[in-house]
Amino acid sequence: MPRPADTPPHVLPPTPACTDADDVTVAQTAGPYFTPNTPERASLLEASTAGTRLTLTGRVVSTRCQPVQRALLDFWQADDKGEYDNRGFRLRGHQFSDAQGSFTLETIVPGFYPGRTRHIHVKVQAPNRPVLTSQLYFPGEAGNARDGIFNQKLLMKVQDGPAGVKLATFDFVLAL
Ligand SMILES: [Fe+2]
């Protein structure tokens, strides 16, 4: 069946939901660079944003595979040179999952900085529930094995999309 004309070509079809649903997403340290009160935005891309574009899609679900609607997803990451913006909100933003628990983040592939492999920070929170703080990782990175915080359960699936955009997927499973 042809793709409906209004489907953005850069978005991957949803991954099969909940194959691992009893596996609650692992929590990790927020690290030193979290900033509260980020802008609400699904795209962290600004006119000045350099680097390889990355589109991350996924769902927030409960351990019973129920979609979590209006879950808060707050992402922050380094720029392509491995630097965080600790004064403003560059490469920081929050959004809410939709009725299917789905979200899409438009950003860039973060650079790495000394001592860490490539990663994206995230806080995920179902309405009126505790915050899950974690990090997402990239497959095939030489630095993964050398990073003491790295956890392979937090690997995104990443593939090459059109126009040099990397397409990543990750589903968050909350202990609900
Ligand atoms: Fe970090």
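Guide: Two strands are said to pair if DSSP finds at least two bridges between them, and strands are DSSP runs (E, at least two residues; helices are H or I, at least four) numbered from the N terminus. This is a predicted model, in which local features need pLDDT of at least 70 and side-chain atom pairs count only at pLDDT 80 or more, while totals for chains, interfaces and linings use all residues. Residues are numbered from 1 along each chain as its sequence is written, and side-chain values use heavy atoms, with hydrogens and water left out.

Visitor: What makes β3 and β6 edge strands?

Guide: The open sheet has four antiparallel strands in the order β3-β2-β5-β6. β3 (92–96) and β6 (132–137) each have a single partner strand, so one side of each lacks a neighbour in the sheet.

Visitor: How do you know that β5 and β6 pair?

Guide: Strand β5 (residues 119–125) and β6 are joined by six antiparallel bridges, and the definition asks for at least two. Within this pairing, His119 stands opposite Tyr137 in β6.

Visitor: Why is His119 called buried?

Guide: Buried means under 20% relative accessible area (exposed is over 50%, partly exposed in between; 1.4 Å probe, protein chains only). His119 has 2% and Tyr113 has 17%, so both count as buried.

Visitor: What makes Tyr84 (OH) a donor to the iron ion?

Guide: Donors are N, O and S atoms within 2.8 Å of the metal (3.2 Å for Na, K and Ca), and sites may look incomplete because water is not among the atoms. Tyr84 (OH), Tyr113 (OH), His119 (NE2) and His121 (NE2) coordinate the iron ion at 1.9 to 2.1 Å.
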